[in-house]
Structures are given as structure tokens and as C-alpha cells.
Amino acid sequence: MLELRPILSALWRHKISALLIAVQLGLTLAIVGNATVVIQERIERIARPTGVAVTDIVTAQFMPIAKNYDRLEAFRLDLDMIRQLPGVAAATVSRAPLTGGGSGTGLYTAPNQEIGATGGAQFWGDEHLIDALGMKLVAGRAFTPNDITEASFSSGWRPNMAIVTQQLADKLFANGEALGQSIYFSGEDNPIEIVGIVERNLGPWPNSHNAGSTVFFPAVMDTQWFDYVVRAEPGQREAVAKLLEEKLAERDPQRVVAVNLLEDKLDRYYAGDNTMIQVLSGVVSMLTFIVALGIVGLTVFWITQRQKQIGVRRALGASRSAISRYFLLENLMIATTGIVLGTAAAQIFNRFLASEFEQPALPLSTTAICALILFGISLAAALVPALRAANISPAMATRSV
Amino acid sequence: MIGYYFSLAMRSLRGTPILSALMVAAIAVGVGASMTVLTLNYMMSQNALSHKDEVLFAVQLDSWDPNASYRGDSNLTRMPWELTYRDAQALLRSDTPSRQVAMHRWGATVTVDDSEMRPFIGQTRVTTRDFFALFDVDFLHGGTWEKNADSNPAQQVVITRKTNEKLFGGENSVGETINMDGHPFTVIGVIENWNPVPKVHDLNNGAFDDSEAFYIPFGLHRKLEIFSWGNTNSWKHEEDLEGFEGFLQSESVWIQYWVELHTDEQKQRFENFLTSYIQEQKAQGRFERPLKFGLTQPSEWLVVNEVLRDDNRVLGWLSLAFLLVCVVNAVALLLAKFLRKAPEAGVRRALGASRNAIFTQHLIESVCIGILGGLMGILLSMFGLSAVKSLAMGFADRIAQMDWLMMLSAVGLAVVASLLAGLYPAWRISRTSPSIYLKTQ
């Protein structure tokens, strides 16, 4: 039996306080719901598979101190040395992906086109490229030593073959038959044959809109924008990093060497998203806590105010559980009002954020889950005071306040 | 009277320690969270060039691909942020602006002969001689290079005070030699440390990075084959261009350009110059898009470059909504607290206190809560900022700090929040009729 009517009329006498709690719950739902979709989106973004062996890769670069340095010669000697090191599974000279720095290009499926390019990130590398990045070849073949050219950055060298990611292959050739087809640079008629397709590679900018469209060319490029990409045996990356730092300096001390773990670089790339996740989670938990405190505070206050009435009810035969139930039901009604208000507020707030700041839309299911959780928290906050109210002795009724 | 109300308020707060602590905590957490976010947004919106905001202009020319957008989206009207090398050279020949700067970021290994110092990579800016005067950078020793060095190679370098301390122990190092990528450079000037946040003069390469430590003349590109360490964007395939010279003549954009124009007339003349330059180039088959250029003041430049990102704005709104919840929370708790003290107010009313007096007294009590909450809020936001600093992995080091203005704002925000929170409860208690409470006493 639910004593809804007396609760309603009692609430009506405290309508402002009750409304304040409901408004609090509503606003909280609006904030928590919207924060949750943003958090979800960022977590999913960070958790995307990158297509490369992030946790095993060590990257290294150097800058020569002397002028007129023979970089290509250094690449050869360094790589020969690196590949002999214990714990190294594979190594190439290319550019580290996932770090926010790289180069992009426009590709066409027919010669001499200038409009409607498919954008992609581009990398160069030798025959160890796929192995060193830990990518998975899904069709065709890897580069062979004969495919590799040593080229200078501004020489106008053009590749005649390429490996692309599955995503880029699908974008270029919607019929799914990219292997063996030719692609072209803007305004050129030099065919570049697709000889292999790798499963995935998010490229230099994982947060860009066409991340994952990536193309690899068979070359060792003479440029200052290079990284040695060294894949260590599982669990060996720290040892390999230390060894690299030592041995690169030892082989030629006339240069400044920098060695990094790819995972650290990726963490830095995602630092902004990660900050957003943490700050929003902090806001959500503090907010929930504050609201819970408010509910506890107000329930305690109401119960103190109504001690006498509770005593009278107990004296008239109401059981302990009936008293607790009364306050919990009261809380339930307030919470329901709040959540109805909050669901509307959450949608309005979300429309605003989505239109102004391109934030993701808030699905009703997320709102519902957040609402359920808030419901639970609200009840839990009221539970302790409500149980304590049940302990008020019927003798209270006989005492004057 | 106000003093008496304050002492009443403090007594009343001590009287209900738990409820008071809850309210102070609610205000403190609300203020702490919003001030953390607002401080970040405030620091990110600073304009280090505000004193020259009326006379400085970032120059953009629309030399981009007529068939594709600059950013790879569908907006064909967006201009590139930077200029091509050949356009920058052409603009430098104009004598209309009082000062003008063409520049880009670069880096080189730095060594000093006969020094024990380990070689390091020096962050460098390749720029024209007006850089220091245009951006108001003060010299400690020496000065900038001759005009000639902007178009002919001169291996001269200006270093910052901090670099001077690192390399030469803070002595006047004018005339000393350092090696950059193995090339000897003569130090001709030492500047005061100059590190605007955000880096308004160069927003392409990390708006919150440190400014460069070395400054070298713009006439060195051909001799040292300098490629930019900033963004280089190209759209056109030019088969006839080969080697470094080909790169310099290409449609690649990589040069940042600023001018100083003091009068409207001067600005008009410069605009005419740009218009006729673009028309001239159009006649030669370049600048295929509709004629367009941009002259943007620093304050506007910060906005169009989206230094304050959408994420920051979203957090700003969320934190204000958070503060609102805390205020509503405080209203509910204050109402409870004041109503519990209603008998006291009844007695005061019966003894002749006016409704206004009761109202003021209770409002002052909520202001006390606000001040306490604000002070705690400052501590909380300092904690919040240091958390953000460590989360951002170095990206926020120079923006996650509070200045005096922000601390005052924190207390101000807390007082306003608590005043708002106190209005209704104080009004409500001032309306209670004294007779009810007198009867029950």
C-alpha cells in the first residue's frame, strides 16, 4: 500500500525545497549525460586499433653536427648496426606514425586529374617497413630489396609501386579490387601500381578526418624528417631504447640523437583527449557527490522537522518500515520529477553543444542509463536518514518540542 | 551594524557546523571546478600583442588550389595561413608598411668551439630584421642585422638572454661565434627573454610552445638550403621545378608574414599594393582563385586560428552549469538552515527588527559562506590546474597557472554565487510572521 496522497500534500507544503532538489537532479542529469557521451567518444577514439605494434616500437632520430653530412650513408651503417642488436625484431628508416607529424598527398585513379583527389598520409620505407611497424599484410606482397630506391627529397623522384591500407584501397576503388590497379599523383601520368594492401595504419594524425587512409612508397628518402622505426621483441623495448641511444652515439658521436618509445609519443598525441576524459570524469563524480550531499542534508533536515509527526504516526501503529518507506517514496517522487526535467534539459544542452561545438549527439539510451544511476544515488542518499527516522520512538509524540 | 551581522553570521555558522561545512564545500567545489576551466580559457585567450593590436596585421594571400579546399573539407574560401616564398619576397619589396616580417620556424644543432657543452638542437626562427622592433622585443646587447642580410646570406645570429646564459655564462657575447649545423654564425645581439603565451606571432606550430632561442636572417635560405620546421603545405604538382630552388619557386606555403601599418591611409595603400600584386600574378597564371587577401589584427588572429578550441569552450559551459548546480544546492541547504533558525528571527522581529534588517542579516550570512567557499575554491582550482598540467603532458605548462586577477575572480564568483543562493532563503525568512514563533516559545 503506497501512501501517495499524504506524501504529496506534505511535499506541497515544502514545494520549494522539493523543487530545488529536483532541479539539482535534473541539471546534474543534463551535465552527466552530456559529459558521458563526450567521454565515451574520446575513450573509443583512443582505444581504436592503430594497425601498428605501438607497444613494441622504439623510434630514433639524429641531427648531424657537421655540415654536408652524408645522411644516406649514415642510414645504411646505422640500420646494419641496429639490426644486429639483441632484442631487435625489425628496423627500417621511415617516419614514426601516430605522432602528429608527417606528410600527406592527394591520389587519383586515372592519369592527369586535378579535381577530386582522395587524400592520404604518405610514408617511405624499405623492404622491412611492414615488419618493422608490425602491420598485417592482407593482400599482395611486401616490398622486396629490388623495389627500394635511395632518393633525395627534392629530386622529383616518383615511385612506381605502393602499398596502401585497406581503408584507402576501399576509398580509391569502391569495387574492392585495388590490388594491381594504378594510382596517380595530381596532374601526372606516372602510374603507381598497388602491390600490397595492409590491414590498417592510422597514419601521422589519428584524430584527422581521414586518419587510416595511408600509402607507403618503396624508398629510403634523404630528408631530415625521418625516424628509425625499430620493433623490439615483446617486453624488450626499454632495453632496446637504451641500447639504441648508446650505440647510435657510439657509431658516430658527431650528432644529436633522440630516442623515444612510440607509445609515449602516442600518449602525448592523445594528451588533449585524455585531459578531457579525466576532467569530465572529475566533474561528473564531484557533481554526483555534491548532489548526494544535498539530498542527505535536506532529508535529515525534514526528518528533524517532522520528528513529532513521526512519533505520532508510530504511536498510532505505523511500523518502522512504513516510516522509512514514507521518506524513500518521497525521495522517489522528487527524483522522478528531477529526472523528467533532466532528460529534457540534457537534450536541450546537447543540441546546443552539438550545433556550436560539433559534439556527439546524446542517445536516449545513455540518458536512460545515467538517469538510472542518479536514481540509485538519490535513493541511497535518502536511505540512511530514512532508516534513522524509523528509530524515532513513539514517545516523541508525547513530548513537546 | 554590518559588523554585528558578520559576528552573528559567524556564530550561526559555528552553530550548525555540518550544514555550514556542506554549503561551504558545495560553493568551494563549484568555484574550484569552474575557476580551473575558466583560468585555462582565460590564459589561452591572452593577447601578448594587445598594445599593438591596432597597428599589426597578419598577412594572408589566397594562392591556394582553385579546385580544393585548404583543409581538405568543402570550404573553398579558406585562405592558407602562410605565404609562398616568392610571394613573401615580392611583399618584402614594398616600402609601404612601417615594418614587415617574413619568418618561419627552423632548428639546427648548436655547438660552440672549445666548449664542454653537449651539442643540442636549437629552436630557431628565420626572420627579417624588423622582427624585434615589430614585436617590441628589447635588446640587452647589440642589435639586429642590416637590411642587406634579409636578401643576402649573412651568418649572424641573435640569441635570447637565457641562451646567452647557457652558452656564454651571461657575458656580453656580441662578436662570439656559434656553430649551427656546422656553419659558423656570429652573435650580433642578445634579446630579453620573450615568450608570449599563446605564441600569437606563430600559431601554426603549437600555440603554447616556447618561443625560439635563436634568430637568424632571412637571406640564408639558398645558402643553407633551409626547409621550414613549421607547416609546409603544397597543392600543385610542378614538374619543371627541381631541387631546393624549385622548392623556393613552388606554390608551397610556409612563410608567416606580419606588417605594421599606422594609419588608415597607409593600410589603404598596402591593400592597393596587394591587389595590384595579385592581379599581376593572375596575369601570369597564378592566383587562380577569386582575388582575396587577409589583413588580420592579433586579437582577431587568435580567434580565427582557434587557439581556444571547442573542447575548452565545452568545458567552460559545463563548468558553469556545474556551478549552477552547486548554487541550487546551496539554496536548498540555506533554506533549511534559515528555516531552522526561524524562531530566532521571530524573536528579533518581535523586538523591533525590520524585515529589511532580517533580510540583510541573512544575506550577509550567505556572503560569509561565499567568501569561505571562494578561498577554498582557490585551493581547489590550484589543485585542479596542477592535475591538468600533469595530464596535458607539457602542453599546458604555461597556461595552467592562476594570477591575482583570477584569484580575485574566484572569490568574486563565490560571493556572487552565494548572494544568488542566499536571496530567496533570506527573503523567505524575512517574511515569517513573529507571532507563530512567539506562541510556541
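In which sense, parallel or antiparallel, do strand 3 and strand 8 of chain A pair? The pairing is antiparallel and spans 2 bridges. The model is predicted. Strand 8 covers residues 182-185 of chain A. Within this pairing, A:L107 has A:F185 as its bridge partner. Strand 3 of chain A, residues 103-108, is also joined to strand 4, residues 118-125. These two strands run antiparallel, with 5 bridges between them. Here A:G104 stands opposite A:A121.

The model scores are ipTM 0.86 and pTM 0.89. For chain B, the average pLDDT is 91, and 99% of the residues score at least 70.

Chain A also contains an open sheet of 4 strands. The strand order is 2-11-1-12, and the pairing is antiparallel. Strand 2 (88-94) and strand 12 (255-261) of chain A form the edges. Each has a single partner strand, so one side of each is left without a neighbour in the sheet. Neighbouring strands are turned by 20° against each other on average, direction ignored. Strand 2 of chain A is held to strand 11 (residues 227-232) by 6 bridges in an antiparallel arrangement. In this pair, A:D227 of strand 11 is the bridge partner of A:S94. Helix 3 of chain A (residues 71-84) touches strand 2 and strand 11. The direction of helix 3 makes about 165° with that of strand 2 of chain A. Helix 7 of chain A (residues 262-269) touches strand 1 (57-64) and strand 12. The direction of helix 7 makes about 75° with that of strand 12 of chain A.

Between the chains, 47 residues of chain B are in contact with 49 residues of chain A. Several elements of chain B each supply at least two residues to the side that touches chain A, among them helix 2 (17-44), strand 3 (99-111) and helix 12 (355-391). Helix 10 of chain B gives the most, with 20 residues. By class, this side of chain B has 30 nonpolar, 11 polar and 6 charged residues.

Within chain B, helix 12 packs against helix 13 (residues 404-430). Their axes come within 6 Å and cross at roughly 150°. Angles over 145 degrees count as roughly antiparallel, so helix 12 of chain B is roughly antiparallel to helix 13 of chain B. The crossing is right-handed. The contact of helix 12 with helix 13 of chain B has 20 nonpolar, 10 polar and 1 charged residues.

Technical notes:
Residues are numbered from 1 along each chain as its sequence is written. Chains are lettered from A and ligands numbered from 1 in the order in which they are written. This is a predicted model: local features need pLDDT of at least 70, side-chain atom pairs count only at pLDDT 80 or more; totals for chains, interfaces and linings use all residues. Two strands pair if DSSP finds at least two bridges between them. Two residues are in contact if their C-beta atoms, placed from the backbone, lie within 7 Å. Ala, Val, Leu, Ile, Met, Phe, Trp, Tyr, Cys and Pro count as nonpolar, Asp, Glu, Lys and Arg as charged, and the others, Gly among them, as polar. Axes are lines fitted to C-alpha atoms, for helices over the stretch in contact, and angles run from 0 to 180 degrees between N-to-C directions. Angles under 35 degrees count as roughly parallel, over 145 as roughly antiparallel, 65 to 115 as roughly perpendicular and the rest as oblique. A crossing is left-handed if the near helix is turned anticlockwise from the far one by less than a right angle, and right-handed if clockwise. pLDDT is the predictor's confidence in each residue, from 0 to 100.
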